[in-house]
Amino acid sequence: MASRWLTGLKRFILWDYRRGSKQYDIMVALILAFIFLTPRDFFRDQPRAQQAVMLPGEGGSNVFWIEPELLANVPEDQRRARVEALMKSQAGGRRQVLLRIEPIFDSEKEIRGYMAFGRP
């Protein structure tokens, strides 16, 4: 009895059933149930909000990290105004003068974000 149970467990783990058999269909149903019925919190996989963050600056200047998605569809000539609006919202409504924007690249030369330098 125990060897029969171990044989069944071995076949289940090694996926040793013919396609279209009842056991195969049960295994596929269990996998699909796991994929679609497991709550997102189980994996701690939450969508990340698009954001701009104010970082500590030196000498009275402010530095902002801006996610690339926030500027993805913004034309080049409107990018400066969009960055200034993001800086203002992160600085508590105080107006910020944008000095420069620098794209930050990863090792594959893809944009990971933007650093915006400004002053009040």
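Mentor: Strands (E, at least two residues) and helices (H or I, at least four residues) are DSSP runs, numbered from the N terminus, and two strands pair if DSSP finds at least two bridges between them. The model is predicted, so local features need pLDDT of at least 70, side-chain atom pairs count only at pLDDT 80 or more, and totals for chains, interfaces and linings use all residues. Residues are numbered from 1 along each chain as its sequence is written, and side-chain values use heavy atoms, with hydrogens and water left out.

The sheet is open and is formed by four strands in the order 1-2-4-3, with antiparallel pairing. Strand 1 (52-55) and strand 3 (97-105) each have a single partner strand, so these two stand at the edges, and one side of each is left without a neighbour in the sheet. On average, neighbouring strands are turned by 25° against each other, direction ignored; axes are lines fitted to C-alpha atoms, for helices over the stretch in contact, and angles run from 0 to 180 degrees between N-to-C directions.

Four bridges join strand 1 to strand 2 (residues 62-66) in the antiparallel sense. Within strand 2, Val63 is the bridge partner of Leu55.

Helix 3 (residues 76-90) packs on this sheet. This helix touches strand 1, strand 2, strand 3 and strand 4 (111-119), where contact means heavy atoms within 4.5 Å. The direction of helix 3 makes about 100° with that of strand 3.
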